[in-house]
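Subject: Handing over the two-chain model

Hi,

Here is the structure I promised to pass on to you.

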Amino acid sequence: MPEGREKVLLRLRVNGTEHQTAAFPSRTLLEVLREDLGLTGTKHGCEVGECGTCAVLVDGRPALSCLLLPLEMQDREITTVEGLAHNGNPHPLQDAFVELSAAQCGYCTPGILLVAKALLEENPHPSREEIEEALGGNLCRCTGYLKIFEAIELAAERKAGNVTQRRRDAEECAV
Amino acid sequence: MSRRGAETQRSALFNSASLFASLRASAPLREPQKTPMPKHSTKNLKIIGQPLTKVDGPAKCSGLTVFADDLTLPGMLHAKMVRSTRPHALIRRIDTSGAQAMQGVQAVLTGSELPVTFGILPVTQDEHTLAPEKVRYVGDPVAAVAAVDEETAEEAARRIEVEYQDLKSIFSIQEALDTEEPRIQDYGQGPNIHKLVAFEFGDTEEALEKSDWVQEDVTFYEGNTHLPLEQHSALGHFQPDGRLTVWSSTQTPHYVHRALAKVLGLPASRIRVIACPNGGGFGGKSDPFNHEIAIAKLSMKTGRPVKITLTREEVFYCHRGRHPVLMRSRMGFTKEGKITGLQFRSLLDGGAFGSYGVASTFYTGALQTVTYHIPRYKFEGCRVFTNKPPCGPKRGHGTPQPRFALEIAVDKAAEQLGMDPAELRLQNLVEPDSLTANWLRVRSIGLKSCIEKVVDASGWKEKFRQLPQGRGVGLACSSYLTGAGLPIYWNSMPQSAVQLKLDRSGLVTAFCGSTDIGQGSDSVLAYVVAEELGIDPDQVQVITGDTSLTPVDLGSYSSRVTLMTGNAAIQAAQRAREFLDAAAAEKLEIPLQRLTAAQGRLFDAQDPEHGVDFAEAIELAEAKFGAIGTVGSYKPPRSPGRYKGAGVGPSPTYSYSACVIEVEADPQSGIVTPVKTWIAHDLGQAVNPLLAIGQVEGSIYMGLGEALMEEQVFRRGVHKIPNMLDYKSPTSMDMCPVETFLIETPDAEGPYGAKECGQGPLLPVPPAVVNAVYDALGVRIDEIPVTPERVLKALQAAQKGQAARLGPKGFPTVPYPEPLWVPPPWEGGDGRAQKRPARKREPALQAQGGHE
């Protein structure tokens, strides 16, 4: 064990649940979520705040968990991808991402879903430019972002009740 | 790259209101072919061709997909590697005592404990797990530690002292050619030359002499890296019964399995490699890696599970990405625009190890003849060693670079000949079901439709050379493999195999060694099995990428999986149908031929009400035959080339692409902004158009990154930018709209006629961008990435009255060997090398500095 390092007791509220865990104070929120709380849905791509992969919501706003110290998060509400579904029902964004295959490797997906959730809560009808801008800090290497934009737009339209059954449309178009 | 202008023309395609129109607009087109039809009927397909969701979609969108670093085992230790800080040095001494003394450190490993070398190719087994005597690049691993937690492992790694004796370092292609001593590797075809190859298919000098125009160019394609968002991670567990399990973020569990057995000296039958879903690969996780072997050995030393996850910086050092390649091409044309012949030279900066480099070198020359008909062709290739992380396969493996060179050359030649570049390309199409000059068998070809489609959709004829200054369009085409014809270890065994287990619950489990790296191979496996058995993909469970549970599939590389596992799955499923059909027909008392399977039932085609459901059919089959399990496998057809070196390039079939890119190029800032991309891709048959379009869009994105910003560059052997902030890659704000057209030319070799779509669409992007920059600004940028600096330099040169071009000045002297002489099929060859006819000797082409 590195000398002079002692674990501290952390109290974190994640996805509506209080957690207590002991961790080195130098551990980032990302590390504590993944290593100490077993919430491995939050991913890491650089661990220095460059790729957006580890994005979570803190009090509803996007934040990079690799740059946050859990000690400072103790009275905050943290949301991770595991907290997106409600009573076992996927969030409309999750449905839309699945339906349009906006997740290829799926590694950047948790962070992007959370950033998109924050966007739609602040701006239920974002334009394409607003979506592009909101996701400006989240790298994706598989999709070229286009299916992600479309999925966010689909989720937004669904929330507004504009889109009915997507499956039917897809079947029509495949003729 | 800045945001595109507000006036950017937006495709209705990507406007959310017409979301579904996007799929309709891209409803595949059929190009008529005279080639043999697919073995598997494409009529009445129920699942193939549908825009279904991915089988792993829900898990990936819930954060529940388990990637390698998400794994934890009881008692697990964490490992860290110590990496060289010197580009080229002898290791004088390694002192691990500081690390050993730390509480929490369980094991320390150095190179002398693992003397056996490994490597992806059998001809270049040049890598040590940890360098025992000599380091060859900054980042080369020299020691590893395992400790109770990551913090302790990190601290212990810092306390390992390594004393180096520096050697002269080699950082550039020219230095590698010029340096006799020291040698980076002790093998190769020159002091620091790894590989030299040379072929000539017909007398190219004669062809060029007789041409009306010879287009001569020297071009350079800078190296770049895969940058998967998931850092490489591996977990090893050596159990007390002497069995080792390694979970890894690998695209090639089969080759990791081979390397572990070789280096660790364990029987392969006691090693199990499990490929976790990859968080992006793009070729960067296709080699067996040092860290995978190190954690296995550390687990053997400690008896505990050991995990390692590389830092982002370490991922840059693992690399195996795009080779920087300097190219010289001489391409002859008639005045009508027919290509007469091509002489092509490549010079690859390989980095410090072999990796896939021999194959990469061949690939810089192999597919030129597949894209356009080239009657005579000469290729000379060379790969050198330098003290940098090894280069290897990145999406398109060795072929985007020559495509870049040649698509620029074609654009320039069209201008010389006064032809439209699209028309010139249409003049030089390869015939379907024919042989190329270098003896590759091409089958279905949809390039004509691809070109016509993008020309039409982009308004090419109204835009080319007619847009205002600062705005331009560029066109380029390409072709790509659908799987390599030969396996890495040449043998007669299948390259892919699928096992099916049919359960009386109605569940079908498909086992296959294939690895889902995000491209959707697990889904394709489920779709194919479901199609053949007449059930829903939900009824198929896929178990993949596990060397103990699944039959061998060679891995997710060379765009091989859909075709090879697809064909293997069809065979396995058709064999299963034989059992089910026999049992069901007996029960239904109808002739076998009348039995049909669809929608989860087997029934009488003449009386659909008369049938049994799928689970019942399995019960009947089990009762009649015993437990039901079947296998299927696939091996590509033999290629007709018989000369040495003919093994790289053959493929069961090739995909084709054409794309038009419109750019804005600001003459003040030099910034080039893609406005829109139109791409048509011939994929034989869309297995799932939604996923296919996703692959095409991802390829365009990655191609734009390579064309405009991505570069893996070094300063005095140290990676200049080993982080994601400085290594520029396109963000959501840099991506342009893409209009994708899927062109279908059902191919006799593909499952239901399908060909690849995950790599080929990248190839035309970089040349289309530079051709568009020329259309916009009138300057030729003959090297990528097209950074603002390069554009401004070219503009400045033009203003000074110099050539309006930026690019390499010349091509060095390379000791290419006398080419192997192989007459093309239309000149009486039989696919074998022959003695060169006594005709006049070819003039030396070694002149320095000649271009255009």
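Below are my notes on the chains, their domains and a few local features.

This is a predicted model, in which local features need pLDDT of at least 70 and side-chain atom pairs count only at pLDDT 80 or more, while totals for chains, interfaces and linings use all residues. Residues are numbered from 1 along each chain as its sequence is written, and chains are lettered from A and ligands numbered from 1 in the order in which they are written.

Let me start with chain B overall. Its secondary structure comes to 21 helices and 35 strands; these are DSSP runs numbered from the N terminus, with helices being H or I of at least four residues and strands E of at least two. The C-alpha atoms of chain B fill a box of roughly 85 × 75 × 65 Å along the principal axes. Among contacts in chain B with a separation of 6 or more, 81% are between residues 24 or more positions apart; a contact here is two C-beta atoms, placed from the backbone, within 7 Å.

Now the domains, whose bounds come from an automatic or database domain assignment. Chain B has domain 1 (12-16 + 196-225 + 320-486 + 641-806), domain 2 (45-66 + 493-634) and domain 3 (71-167 + 229-280 + 285-318). The centres of domain 1 and domain 3 of chain B, over C-alpha atoms, are separated by 37 Å, and 22 residues of domain 1 are in contact with 20 residues of domain 3. On the domain 1 side, helix 10 (357-366) and strand 30 (718-719) of chain B are the elements that give two or more residues, with helix 10 of chain B supplying the largest share, 3 residues.

Chain A is divided into domain 1 (8-83) and domain 2 (92-173), with centres 24 Å apart over C-alpha atoms. Their contact takes 16 residues from domain 1 of chain A and 13 residues from domain 2 of chain A.

As for the two chains together, 50 residues from chain A and 56 residues from chain B take part in the contact. Several helices of chain A give two or more residues to the side that touches chain B, including helix 3 (109-122) and helix 5 (146-159). Helix 5 of chain A gives the largest share, 6 residues.

Two local features of chain B may interest you. One is an open sheet of 3 strands in the order 5-3-7, with antiparallel pairing (two strands pair if DSSP finds at least two bridges between them). Strand 5 (134-135) and strand 7 (161-166) of chain B are the edge strands, and 2 bridges join strand 3 (residues 89-95) to strand 5 of chain B. B:Leu90 has B:Lys134 as its bridge partner in strand 5 of chain B.

The other is helix 14 (residues 447-458) of chain B. Just after helix 14 of chain B, B:Gly459 takes a positive phi of about 70°.

Best wishes
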